[in-house]
Amino acid sequence: MSGLPPYASTGQKAWYYSFRVICGLIFFFLIAPIVVIIPLSFNAQDFFTFTPEMLALKPEGYSLKHYEDFMTSHDWQSSLWNSVRIAPMATFLSVSFGTLAAIGLSQPHVPFRRAIMAILISPMIVPLIISAAGMYFFYSRIGLQGTYWGVVLAHAALGIPFVIITVTATLVGFDRSLTRAAANMGADPVTTFFRVQMPLILPGVISGALFAFITSFDEVVVVLFVGSAGQKTLPWQMFTGLREQISPTILAVATILVVLSIMLLTTLELLRRRSERLRGLSPG
Amino acid sequence: MSDTAGPVLAADGRPLKVSLNRALRREKLRAFLLVSPLLLFVLVTFIAPIADMLFRSVENSIVQETIPRTTDALRAWDPDETELPDEGTFQALYTDMVFAEELKLHTRLGSRLNYEKPGISSLFRKSGRSVGKFDTKDYEKAYTDLDAAWEDPATWDRLSREGFPGPRTASAYVGWRETLIAEGDDPLEEDPWDVLFGALHSDLVAYDASYDDPLLQAAKTASAGLDPISYTQQFEDIDEDWTNPEVWKTIQTYAAKYTPGYFLNSVDRQLTPEGVTTRDDNERIYILLFQRTLIMSMMITFSCILLGYPIAFLLANLPMRSANVLMILVLLPFWTSLLVRTSSWKVLLQQQGVINDVLVWIGIVADDSRLQLINNQTGTIIAMTHILLPFMILPLYSVMKTIPLSYVRAAKSLGATDWTAFWRVYFPNSVPGIGAGSILVFILAIGYYITPELVGGTKGVFISNRIAYHISSSLNWGLAAALGTILLVAVLILYWAYDKIVGIDNVKLGG
């Protein structure tokens, strides 16, 4: 695929280019729905399509009114605030428990390793609607349904598999003689962990944290059931907005979230490169 | 070799084997201690809820808890012998209903039984309103006229210790006490209710005994002279349905603490007194819904293969630098909020949306016959293919990366055409990737809720939407749990297959 050989026949050439065109179309299918909402969110009208003014690129066709609406509407602001309150706490819980457990799991002798791994990964496998149903039933039994902590615990459980997977993957390349060397020089296990092991596995921990964060920040099914009106998060507000009174403000929110995910993707990519460089897998 | 070797000793003088074992045990314990906080956390926050759901799919204690005396009495009833249960059962129902109505539990039971036999809910609500006006008031008046001590709760308390004339009074008294305590009242301060006098009367006339207690003896003598009231008649006066054996059969069938009823309901069957039967045609929805979920998930998986394979092939065969750039186009949708992608499809697919506008502008579609792309199966399939496509591309890509280019070159140098080289050499090598990606996409698709809910309309929804409906709207939690359990089992089987093919340790996130 890397370039066409000079002796290629006409048929080969035709296929080569039409294959590229097909791939281009699929890429377009992947990316266009995300890109197209960005200009639409600047629409001066309350329409969901391009107005003639917008197509003519006239400035009066564009406005920031949907963004203003997002910034001033009480519903949107309180849901943003709820998301900001829930996601970091859930991330903190998943990362602290998850990192500890990942270190435990990467030891050479762990009893019932497969069974434990299966349990810890299960929140990722079980369909969200089932997790949501179970949590709704169980949390209302123990009085957590409709509370801040109920939602935080539920989201933390959903984020744990991602932390486990990313951190154990980083630990695979971890040189255990480093901790032995530290212990040899008189460091106690806690110092060894924070001064030697943690800095080295930090990229894995951070990317696990980002996954956990985005899981909670994006999550709508579980919060819909486990939460009550007081825990209405941004995705929940979008969900209600889409189901009931669809307003262009959703496009403004969506654009903000797209920018957020671009930032997140960049961070992850930089972390991945750093981790590869540290492990000497790529010249950087 | 000297024969004094014996076991090898460690530095501290213990046998080396023992010492090593101890170290190994300590290491195991340490690893386990590191894992245990999280294990405990997941068990409480996640595994317990799932177990609760599994439990609820068969649990049915509400009937026995709300009307315990009735279910006890019904055990002896054989619908083939007598058309209706005996008078004692009706009285038991009366006693149960009085207490249930006081605590407002009868409507919950009514809704529960209504799932099995429509109409019971209103029957229970109606009866709850009327059980306070039964003729047992006459007994109350007669006994209290005879001796004012019957009005005193202390008398009843004394009798509960010394012995009631029969089991009905004892059981009614316990129920009365519990009801008052549940409401926060003191049973020693409240006037006895007429239901107690009704029970007392039946016990006094039922047993041919004499009592040392003068109060009881006097009541016994007086009882024979009272007109007995018919509980059967009283219930019939509330609603004729109480003389319908089907109602009683339903209560009897669902009296057990655990029931397969919800599962049977999930597959369009019903547990009736005559055994398991198929539901009426107009009530059969779940098998159709399961089928639709499976078929649509397969279609989504198939379109993901169709669209994902060329992209993965291109990415795996391009030079590293350009592949990395193009990879961003795959990862950006992967990282973008699900709600964002769903909203954008909702906007794009509308009849007045961008896609229809473009089609009209090009001239493929006339302005007055714009395509219906949303709120149907098409909408769900398009949107979900887009959402799940990265989950197909990423595993395919990582498998294709490992196929050496020399294989295809070797095939070509042996005379294969481009197509033969691809189809006979490259494609078979990429099949594990297709398998991994397909199972992943399929697992994700059959459990999807948000996207079908928003773009699926009524025809394009999945089983998960029905589960959500039963939890939040119809409040039939048992059925929701049973549907969820079936879905869970399906996913776990697929997951097991995924583990066999790919191995869970090989799950990779975002390249």
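1. Let's start where the two chains meet: 88 residues of chain A are in contact (heavy atoms within 4.5 Å) with 90 residues of chain B. Please keep in mind that this is a predicted model, in which local features need pLDDT of at least 70, side-chain atom pairs count only at pLDDT 80 or more, and totals for chains, interfaces and linings use all residues. As for bookkeeping, residues are numbered from 1 along each chain as its sequence is written, chains are lettered from A in the order in which they are written, and side-chain values use heavy atoms, with hydrogens and water left out.

2. The size of an interface is often given as the accessible area lost when the parts come together. Between chain A and chain B, the buried area (accessible area, 1.4 Å probe, that two parts lose on being put together, summed over both) is about 8100 Å², and carbon and sulfur atoms give 81% of that.

3. Now for the polar side of this interface. The rule finds nine residue pairs in polar contact across it, both residues at pLDDT 80 or more; a polar contact is a pair of N or O atoms within 3.5 Å, where within protein one must be able to donate a hydrogen and the other to accept it, and residues adjacent in sequence count only if both atoms are side-chain atoms. Helix α1 (residues 10-40) of chain A gives the largest share of the side of chain A that touches chain B, with 14 residues; helices here are DSSP runs (H or I, at least four residues), numbered from the N terminus. That side of chain A divides into 69 nonpolar, 12 polar and seven charged residues, where Ala, Val, Leu, Ile, Met, Phe, Trp, Tyr, Cys and Pro count as nonpolar, Asp, Glu, Lys and Arg as charged, and the others, Gly among them, as polar.

4. Two salt bridges (a side-chain nitrogen of Lys or Arg within 4 Å of a carboxyl oxygen of Asp or Glu) are found across the interface of chain A and chain B. One of them joins Arg141(A) and Asp52(B) at 2.8 Å, N to O. Asp52(B) also forms a salt bridge with Arg56(B), with the closest N and O atoms 3.8 Å apart. Asp52(B) and Arg56(B) sit four residues apart in helix α1 of chain B, about one turn of the helix. Asp52(B) counts as buried because its relative accessible area is 6%, and buried means under 20%, exposed over 50% and partly exposed in between (1.4 Å probe, protein chains only). Arg56(B), at 15%, is buried as well.

5. Helix α1 (residues 16-56) of chain B also holds Thr45(B), which is buried at 3% relative accessibility. The side chain of Thr45(B) reaches the backbone oxygen of Phe41(B) at 2.8 Å. Leaving aside neighbours within four places in sequence, Thr45(B) is in contact with Met135(A), Tyr139(A), Leu153(A) and Ala157(A).

6. Within chain B, Lys126(B) and Asp239(B) meet in a salt bridge of 3.1 Å, N to O. This pair links distant parts of the chain, 113 residues apart: Lys126(B) is in helix α6 (residues 120-130), and Asp239(B) is in the loop between α12 (231-238) and α13 (245-253).

7. Finally, have a look at Ser303(B), in helix α15 (residues 286-317) of chain B. A polar atom of the Ser303(B) side chain lies 2.7 Å from the backbone oxygen of Met299(B).

Terms used
Helix = DSSP H or I, 4+ residues; strand = E, 2+ residues; numbered from the N terminus.
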